[in-house]
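Dear colleague,

Please find below the structure that I am handing over to you. My notes on it come directly after.

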Amino acid sequence: MGLKARVQNQVTKRLFSLKRRDKIRHKLERQRHAAKAPHVVEYFHEASDPYSHLMAQVLPEFCQRYDIQLKVHLVAPPPDWAAPERQRLQAYARLDAARLAARAGLAFTDPGAQPSAEHLNAANMAFATAIKTDTFLADAARIGERFWSGQEPSAGVALDAGVEQMMATHTERRDKMGHYLGATLHYGGEWYWGVDRLHYLEARLRDLGAASSDTDAPIFAPPIVPEGPAIAPSSQKPELHWYLSFRSPYTGIVADRIKALADAYGAELKLRYVLPMVMRGMEIRRTKGFYIMHDVVREADRLGVSFGNVFDPVGKPVERGYALLHRAIELGRGFEFARSFLSGVWADGLDAGSDAGLRTITERAGLSWQELKPLLGGDHWRADEHTNQEEMLSYDIWGVPSFRVGNVAAWGQDRLWVVEQALKAQVAQESELGGV
């Protein structure tokens, strides 16, 4: 490992460590106490974002449960660099939000398309008025329901200049504070995106003595996967497709869980490796990278997964890994190699760009380094990668980790409950057909 790599490894470990996070938390809390300031939570709402509509439905209860001061901001959609596949992002967000709403007991139905510009203008005008009159908590869910239901606004609704300025100011504040999405909450130097991550903020506020009620149960608890005893597998194994990238930190913390889920339902786990976004020409700015790493650290900690001793494999290390993964899959050791590589570069500080690091990764997966080493530098894996990428895109998904069971596709290591639902449905259907 060269000097530059060692420095990068040490800086990353320190920058995203839980110890550093807690130290910053304590410092900010001391400052808040000294200033006798309230617990101020800032919320950034985007009218055309279905996740914001879900958040608007839980904020009233959130504010009742905790002694906080909520500051609401109305923001524009994410910039192009944060939404490189905007139409796919919008379509998938609506689908995912509908699934999440059903799971969390909230209301959202995918209308099948984004509402019109006039609808959006009318919604933003209404949200701005609610913010100005301090009625956002009471009115936001109703405004969002009207927007997403397609109820026609007055003809020719144009965005008021004052509202436009408000949105520009609030969007600029969000950007300067270090995020790029709607449905985001910020408290004490940390970000919480969507209903899925609200439980982290709730736990933090409870620890600070800011809870107004005795309940310890979060408004929405992360689902446990698998949920319980699996349905007995049928004679025909379902297929569970796992779209993965060796450079994805979220992929780095999901390997054991997706394998356990596949095993629970007797599914055949098929590895579909794809190039990382940055190696496909997409832009990942520092702001996004920082949020992702901070989020992965807390998810890994909650799940008890080792993470943080990072050696970024972007570029040649990824290509070297795929050259060997292709052969490992043929040898029936694909999962073992993928797991070894992912834990190696995201938890063990192994340099997959060096022969020493890749040899360790290979041999602890039960494979022969001498047999696989000659494959390095070859292009034999690229055709499969291209096929995997095209297949993933065909389901309106362009990021990893993603998963597919039949025609049901889900994106994110926090969406394994969607995968489990699909497996349950498929296994049950096959069992019924088998009994006919």
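The notes below cover a sheet and its helices, the nonpolar cores, a pocket and some backbone features.

This is a predicted model, in which local features need pLDDT of at least 70 and side-chain atom pairs count only at pLDDT 80 or more, while totals for chains, interfaces and linings use all residues. Residues are numbered from 1 along each chain as its sequence is written, and side-chain values use heavy atoms, with hydrogens and water left out.

The sheet

Helices (H or I, at least four residues) and strands (E, at least two) are DSSP runs, numbered from the N terminus. Two strands are taken to pair if DSSP finds at least two bridges between them. An open sheet is formed by 4 strands in the order S6-S5-S7-S8, with mixed pairing. Strand S6 (268-273) and strand S8 (408-411) stand at the edges; each has a single partner strand, so one side of each is left without a neighbour in the sheet. On average, neighbouring strands of this sheet are turned by 20° against each other, direction ignored. Such angles run from 0 to 180 degrees between N-to-C directions, and the axes are lines fitted to C-alpha atoms, for helices over the stretch in contact.

Strand S5 (residues 239-244) pairs with S6 in the parallel sense over 6 bridges, and the bridge partner of Leu244 in S6 is Tyr273. By contrast, S7 and S8 pair in the antiparallel sense over 4 bridges. Val405 stands opposite Val408 in S8. S7 and S8 form a hairpin with 2 residues between them, and Gly406 in the turn has a positive phi of about 60°.

Helix H10 (residues 255-264) lies across S5, S6 and strand S7 (402-405), running at about 170° to S5. Helix H16 (residues 382-394) also packs on the sheet, where it touches S5, S6 and S7; its direction makes about 105° with that of S6. Contact here means heavy atoms within 4.5 Å.

The nonpolar cores

A nonpolar core is a set of buried Ala, Val, Leu, Ile, Met, Phe, Trp, Tyr and Cys residues joined through side-chain atoms within 4.5 Å. Buried means under 20% relative accessible area, exposed over 50%, and partly exposed in between (1.4 Å probe, protein chains only). The largest core has 110 residues, and those with the most contacts inside it are Phe62, Leu185, Leu240, Trp242, Phe246 and Phe337. Another core, of 8 residues, lies apart from it and includes Phe44, Val75, Trp191 and Tyr291.

Backbone features

Most residues other than glycine have a negative phi, and most peptide bonds are trans. Two exceptions in phi may interest you. Lys36, in the loop between helix H2 (18-35) and strand S1 (40-45), has a positive phi near 50° and is exposed, with a relative accessible area of 77%. Asp134, in the loop between helix H5 (117-132) and helix H6 (136-149), has a positive phi near 60° and counts as exposed at 73% relative accessibility.

There are also cis peptide bonds. One joins Val225 and Pro226, with omega about -5°; Pro226 lies in the loop between helix H8 (194-207) and S5. Another joins Val400 and Pro401, with omega about 0°, and Pro401 is found in the loop between H16 and S7.

With kind regards
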